[in-house]
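Please look at the sequence and the structure first, then read on.

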Amino acid sequence: MRASRLVSILLLLQTRGRMTAQELAGRLEVSVRTIYRDVESLHSAGIPLYGDAGPKGGYQLLDGYRTRLTGLTTDEAESLFLAGLPGPAAELGLGAVVTAAQLKLMAALPVELRDRAGRIQERFHLDAPTWYRDREPATYLPAVADAVWNERRIQVRYRRWKAPQEVERRLEPYGLVVKAGRWYLVARSDDVRTYRVSQILDLHPLPEGFTRPEGFDLAAYWQGYLAEFEARLRWGEAVVRLSPRGLQRLADLMTPGVVAAARESAQPPDDDGWTRVTVPIESIEHAVGEFLRLGTDAEVLSPGELRHRLAATTSELARRYRTS
């Protein structure tokens, strides 16, 4: 375990440059005192590692030093072939690059690891987009990706849902996220916002660059954005009785936020085995469609308007199918 941590320290410093003991400790999930001891061990082993004190201090490898760590464990070699996303890579114009990199990695592996890593590609395939949804054309995705990578500003004409629908934006692109087959750009105009790449109607690269904020965490921003989006989306609550099968179907059909709220509010099953839960809803109209998907495994108790709409809808359905 300690040997693996020492290797990780070397690789982090080699790829990231200067890092403080606090940053290393946070990344490796150990105490700062442990990092101090590990650094002393690396010094004793002859690794050209030095540290500077002060606000801008930290540990750094001597310029030009690079480790020669070519060994991979079986699990590490296998996981590398699970990490590739051939669809998104191709959309970014990197499909051939990913394929070439995997071929080079495969050729460099020992025979026993090569066989196991090859079986990963034969047995696992990631298809990110959801069912029943056409892939969105993202005409300007390669240009956006180039601007993100090279930290260049872009001028875009963008279509949004509220008026005025078409707007001009001068953006500093921080990163790209692909979710369910859709690409989203995280960028700063007046502030940091999220833009759907397929809604970019026109794009012009600008000659000037920008400085990406130090410490900006794309993954953390995205998680916060999703939480805020779902909070805005859900304005009310519904109290619902669910059969055991309804509980399972709720977990399969609803969003993670709805499922989490249902589990947190769930009461002990009643004499019929049904469970009462409270879940957030977006609107009465939207909730009617959501709960109809649960069929006879759900009974909405409140709000009264939602219960009335469900009753009216199911009565109309029954009448229509009787007459036909």
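## Terms and basis

Contact, or touching, means that heavy atoms lie within 4.5 Å. Helices (H or I, at least four residues) and strands (E, at least two) are DSSP runs, numbered from the N terminus.

The model is predicted: local features need pLDDT of at least 70, side-chain atom pairs count only at pLDDT 80 or more, and totals for chains, interfaces and linings use all residues. Residues are numbered from 1 along each chain as its sequence is written, and side-chain values use heavy atoms, with hydrogens and water left out.

## A buried serine

Ser 243 sits in the loop between strand E8 (236-242) and helix H10 (244-253). Leaving aside residues up to four places away in sequence, Ser 243 touches Trp 274 and Asp 297. With Asp 297 there is a polar contact, side chain to side chain, at 2.8 Å. A polar contact is a pair of N or O atoms within 3.5 Å; within protein, one must be able to donate a hydrogen and the other to accept it, and residues adjacent in sequence count only if both atoms are side-chain atoms.

Is Ser 243 buried or exposed? The relative accessible area of Ser 243 is 6%, so this residue is buried. Buried means under 20% relative accessible area, exposed over 50%, and partly exposed in between (1.4 Å probe, protein chains only).

## The five-stranded sheet

An open sheet is formed by 5 strands in the order E6-E5-E4-E3-E7, with antiparallel pairing. Two strands pair if DSSP finds at least two bridges between them. Strand E6 (192-196) and strand E7 (200-209) are the edge strands, each pairing on one side only. On average, neighbouring strands of this sheet are turned by 45° against each other, direction ignored. For such values, axes are lines fitted to C-alpha atoms, for helices over the stretch in contact, and angles run from 0 to 180 degrees between N-to-C directions.

The bridges can be followed through the sheet. E3 and E4 are paired by 6 bridges, and Ile 154 has Leu 171 in E4 as its bridge partner. These two strands form a hairpin with 6 residues between them. E4 is joined to E5 by 7 bridges, with Pro 173 partnered by Ala 187 in E5. The hairpin of E4 and E5 has 2 residues between the strands, and Ala 180 there takes a positive phi near 50°. Strand E5 (residues 182-188) is joined to E6 by 5 bridges; Val 186 has Thr 194 in E6 as its partner.

Helix H8 (residues 141-150) lies across strand E3 (152-159), strand E4 (166-179), E5 and E7, and runs at about 80° to E4.

## Aromatic rings

The structure holds 7 aromatic pairs. One of them is the tilted pair of Tyr 184 and Trp 222, with 5.5 Å centre to centre and 45° between the planes. Rings of Phe, Tyr and Trp (its six-membered ring) pair if their centres lie within 6.5 Å; planes under 30 degrees apart count as stacked, over 60 as edge-to-face and the rest as tilted. The pair links distant parts of the chain, since Tyr 184 is in strand E5 and Trp 222 is in helix H9 (residues 218-233), 38 residues apart.

Tyr 184 is buried at a relative accessible area of 14%, and Trp 222 is buried at 8%. Trp 222 also pairs with Tyr 225: the ring centres are 5.2 Å apart and the planes are at 35°, so this pair is tilted. Trp 222 and Tyr 225 are 3 residues apart in helix H9, which means that about one helical turn separates them. One aromatic cluster is formed by Tyr 174, Tyr 184, Phe 210, Phe 216, Tyr 221, Trp 222 and Tyr 225.

## Helices H2 and H3

How do the axes of helix H2 (residues 21-28) and helix H3 (residues 32-44) cross, and at what angle? They come within 8 Å and cross at roughly 105°. H2 is therefore roughly perpendicular to H3. Angles under 35 degrees count as roughly parallel, over 145 as roughly antiparallel, 65 to 115 as roughly perpendicular and the rest as oblique. The contact involves Ala 21, Gln 22, Leu 24, Ala 25 and Leu 28 of H2, and Val 32, Ile 35 and Tyr 36 of H3.

Leu 42 is also found in helix H3 and is buried, with a relative accessible area of 5%. Not counting residues up to four places away in sequence, Leu 42 touches Leu 6, Ile 9, Leu 10, Ile 47 and Leu 49. The C-alpha atoms of Leu 42 and Ile 9 are 9.4 Å apart, while the two residues are 33 residues apart along the chain.
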